[in-house]
Amino acid sequence: DRLARHAGARVRPVGPGRAGAVVGLVDPTGFPVGVVHGADSHPALPEQVALPLNTGTAKRRLNATQRPAREPARVQRLGHVVLETPRFGAALDWYLDTLGMIVSDFLFLPGQRGLGPTMAFLRCDRGAAPADHHTLAMHLGPGSGYVHSAYQVTDLDALAAGGEYLRERGYRRTWGIGRHIQGSQLFDYWRDPDRLMVEHFADGDLFDASVEPGWAPLSASGLAQWGPPVTRDFLGTTPSPARLRELTAALRAEDTELTAARLLALMKAMSS
Ligand SMILES: [Fe+2]
């Protein structure tokens, strides 16, 4: 009710046969956002068992072998969604103001920190309760839309064995396996049959509301602590007619924040 009043929207039932109420909003990029309260909750599925690891000095597994199953990674939950928008600043303000999200990390174009960030990792403000480093991440770009969504799996072996399973069935890895910097997740990115990007991740950071936002320059090499070099497919820098059309439209649009100068700086950062 408070959100509906704040946004000048209405509270509606979710739909026939389903519990809960929804407030339907549209963010400054034009993405529909439905905020649901009182939805049905379902019992958790059984967890894929995390392996007992022997480290250099802490030995937890004795007289027993390590045989992780070659099986699909079992997804535990949706972790985050990443969006691209030519109206980054307006969209960022909207998510902070309307949903009360808080910033875990900002990325800025090298040498342009004074002009503000061009990427932000947002988490839910749960006060003293820890929340995922990012539930939503957004970056400035010519496109308006989905970049990827990320699904948590139990640990590195589940991630790697799940990747082998996908590879054996002819799916194409976009980027991975590595460990991110912002959020620290172990990551593995894939394309589904519709060419949508999806991520398996494990071991992400959890922050309570006391952690202040970090600031770092945006660069291709700054997206991972370790792992193979980032791919053009992941960065979305593979030239295509659709991408070129997006670019021309974004540069021409009246409400765009993507100037030619920022685009050049962005392309430079993505190749450094
Ligand atoms: Fe991700």
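How many bridges join S4 to S9, and do the two strands run parallel or antiparallel? In this predicted model, seven bridges join S4 to S9, and the strands run antiparallel.

Strand S9 covers residues 145-152, and six of its eight residues are buried, so the strand is largely enclosed by the rest of the structure.

## Iron site

The iron ion is coordinated by NE2 of His-80, NE2 of His-148 and OE of Glu-199, at 2.0 to 2.3 Å. The spacing of these donor residues in sequence is H-x67-H-x50-E. His-80 lies in strand S4 and Glu-199 in strand S12 (residues 197-202), so this pair ties together parts that are 119 residues apart in sequence. Both His-80 and Glu-199 are buried.

## Gln-48

Gln-48 sits in the loop between strand S3 (32-37) and strand S4 (77-85). Its relative accessibility is 8%, and because buried means under 20%, Gln-48 counts as buried.

The side chain of Gln-48 makes a polar contact with the side chain of Glu-71, at 2.8 Å. Leaving aside residues up to four places away in sequence, Gln-48 touches Glu-71, Pro-72, Ala-73, Arg-74, Thr-154 and Ala-158.

Methods:
Residues numbered from 1 in each chain as written. Predicted model: local features only at pLDDT ≥ 70, side-chain atom pairs only at ≥ 80, totals over all residues. Heavy atoms only, no water. Helix = DSSP H or I, 4+ residues; strand = E, 2+ residues; numbered from the N terminus. Buried < 20%, exposed > 50% of the residue type's maximum accessible area, 1.4 Å probe, protein only. Polar contact = N/O pair within 3.5 Å; in protein donor to acceptor, adjacent residues only side chain to side chain. Contact = heavy atoms within 4.5 Å. Donors = N, O, S within 2.8 Å, 3.2 Å for Na, K, Ca; no water. Pairing = 2+ DSSP bridges.
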